[in-house]
Amino acid sequence: VLYIVIIFGIFSLQFRSRSVISKNFGALRLTISQNTTDNAEFPYADNFQLSLKGLTVFSNKSEHIKVTHSNGKIQDVIFTNFQQLSPNSVKLFFTHDISLICESSGENNDNLVISANFSPEYINLILPYSHSGNHSITELKDNYAILRSKDLQSIISAPFITADTISFFQN
């Protein structure tokens, strides 16, 4: 029975169509899945995680980044690629000509700064986020949240924020 499990595991690893890539940009850690099939529309699977000190912004099969069109229609956007801009920053590309620039800044590179670029035809972009188990939201207002852990306090500031999303609006 053990040999069957081992053989099945080897076949599963050999024939899967994705490989996981993790890259660091200063204190930021980007984790993505690369499509390894030749007929994939995009080089990466439609998911990513970008983490910094207990805070993770992400998009996956169940929770996508969403944009609201000026006509009210809400659309999911698909992660397509990334580009390192500096040792501490990365640009994430999505369908619908949308991008996020993510940078770790501050004295210890422990501040996460995210800017969203999207077409004027969209009125807002909603980005899911989560925090690690040892962090909790101790204060939540419309434009900021305070995350605390045993040793650390982080402030998330955005035009509009909920317990699990960050919203950006057209200027």
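Biologist: What makes β14 the element that gives the most to the lining of the largest pocket?

Modeller: β14 contributes five residues, where a lining residue is one with an atom within 4 Å of a grid point of the pocket and a strand is a DSSP run of E of at least two residues, numbered from the N terminus. This is a predicted model, in which local features need pLDDT of at least 70 and side-chain atom pairs count only at pLDDT 80 or more, while totals for chains, interfaces and linings use all residues. Residues are numbered from 1 along each chain as its sequence is written, and side-chain values use heavy atoms, with hydrogens and water left out.

Biologist: Why is this space called a pocket, and how much space lies in it?

Modeller: It is called a pocket because the term covers an open set of points on a 1 Å grid, where a 1.4 Å probe fits and protein stands on both sides within 12 Å along at least five of seven lines. About 420 Å³ lies in the largest one, counted as the space filled by probe spheres set on the points. Its lining comprises 17 residues, with N111, L112, I155, I156 and S157 nearest the centre, and β10 (111-117), β14 (153-157) and β16 (165-169) are the elements that each supply two or more of the lining residues.

Biologist: Which strands make up the open sheet that contains β14, and what leaves a side of some of them without a neighbour?

Modeller: The order is β12-β13-β14, with antiparallel pairing, and two strands count as paired if DSSP finds at least two bridges between them. β12 (136-140) and β14 are at the edges with a single partner strand each, so one side of each has no neighbour in the sheet.

Biologist: How do you know that β12 and β13 pair?

Modeller: Four bridges join β12 to β13 (residues 144-148) in the antiparallel sense, which meets the requirement of at least two and therefore makes them a pair. L140 stands opposite A145 in β13.

Biologist: What makes β11 a partner of β4, β5 and β16?

Modeller: The bridge counts decide it: β4 (residues 55-59) and β11 (residues 122-131) share three, β5 (residues 66-69) and β11 share four, and β11 and β16 share five, with antiparallel running in each case. T56 faces S130 in β11, whereas N124 of β11 is the bridge partner of T68 and has F169 as its partner in β16.
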